[in-house]
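Let's take a walk through a protein model together. Have the sequence and the 3D view at hand as you read.

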Protein chains: 2
Amino acid sequence: MTSSAGTRRANNEVLIGKKPLMTYVTATLVQLANEPTVLVKARGKSITRAVDVAQIIVKRMDNMGYKIGHVKIGTQTLQSEDGRARNVSTIEVQISR
Amino acid sequence: MTSSAGTRRANNEVLIGKKPLMTYVTATLVQLANEPTVLVKARGKSITRAVDVAQIIVKRMDNMGYKIGHVKIGTQTLQSEDGRARNVSTIEVQISR
């Protein structure tokens, strides 16, 4: 994954990567200021961090009234460098205000 | 977490720990033979592995008709050894047949 693809994709999506956790919390909060719902997405080992980001937003910003909507999990098939297909788990957490 | 608390809690729960992934896949499949729904639970860094377990069961055992029900995420407050409270994220994936 290149660094430029790290933080954001569509207008209301935040893709979790390897940056410090609060980077993604801030990015999500910025998008929640503009959009009614934001999707926090991650795959592989970043899945845990996506849950952390969602929980930090909902618990610490309690007075802001952010809520967790659906949580979807899935599988993405990636081509690894040796040409074999690898399955990686994905998560999508919907946060709305 | 002690080793004995690692794999199972209630009848229809599988708590994901540090054992090999297929241990939990097997434990979940055994429980699905007896129970209509099983909850795969994890916290902290094991969250990713819980998603992996659920996806392996649903995708690889395609012909068995297992389905993912709700996916819940939450926060658990633990007392760390220095007496401070630490928040840890949790996940619960419901698998049903």
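In which sense do strand S2 (residues 37-43) of chain A and S4(A) pair, and over how many bridges? The pairing is antiparallel, and seven bridges make it up. Here, two strands pair if DSSP finds at least two bridges between them. Helices (H or I, at least four residues) and strands (E, at least two) are DSSP runs, numbered from the N terminus.

Before going further, a word on what you are looking at. This is a predicted model, in which local features need pLDDT of at least 70 and side-chain atom pairs count only at pLDDT 80 or more, while totals for chains, interfaces and linings use all residues. Residues are numbered from 1 along each chain as its sequence is written, chains are lettered from A and ligands numbered from 1 in the order in which they are written, and side-chain values use heavy atoms, with hydrogens and water left out.

**Strands and hairpins**

S4(A) also pairs with S3(A): these strands run antiparallel and are joined by 11 bridges. In chain B, strand S3 (residues 67-79) and strand S4 (residues 85-96) are antiparallel too, with 11 bridges. Some bridge partners to find in your view are listed here.

| Residue | Bridge partner | Strand of the partner |
|---|---|---|
| Ala42(A) | Ile91(A) | S4(A) |
| Gln76(A) | Val88(A) | S4(A) |
| Gly74(B) | Thr90(B) | S4(B) |

Now follow the chain from S3(A) into S4(A). The two strands form a hairpin with five residues between them, and Gly83(A) in the turn has a positive phi of about 85°. The hairpin of S3(B) and S4(B) has five residues between its strands, and Gly83(B) there has a positive phi near 85°.

**A charged pair**

Side chains of opposite charge can pair when their charged atoms come close. Lys41(A) and Glu92(A) meet through their side chains in a salt bridge, with 3.9 Å from N to O. The term means a side-chain nitrogen of Lys or Arg within 4 Å of a carboxyl oxygen of Asp or Glu. Lys41(A) belongs to strand S2 of chain A and Glu92(A) to strand S4 of chain A, so this pair ties together parts that are 51 residues apart in sequence. Over all chains, the structure holds six salt bridges.

**Where the chains meet**

Chain A and chain B each give 18 residues to their contact, where contact means heavy atoms within 4.5 Å. Together they bury about 1,300 Å², 64% of it on carbon and sulfur atoms; buried area is the accessible area (1.4 Å probe) that two parts lose on being put together, summed over both. Zero salt bridges are found across this interface. On the side of chain A that touches chain B, helix H2 (47-60), strand S3 (67-79) and strand S4 (85-96) of chain A give two or more residues. H2(A) provides the largest share, seven residues.

**How the copies are related**

Chain A is superposed on chain B by a rotation of 180° with 0.0 Å of shift along its axis (RMSD 0.0 Å). The two copies are thus related as by a two-fold rotation axis.

Technical notes. Least-squares fit on C-alpha atoms with pLDDT ≥ 70 in both.
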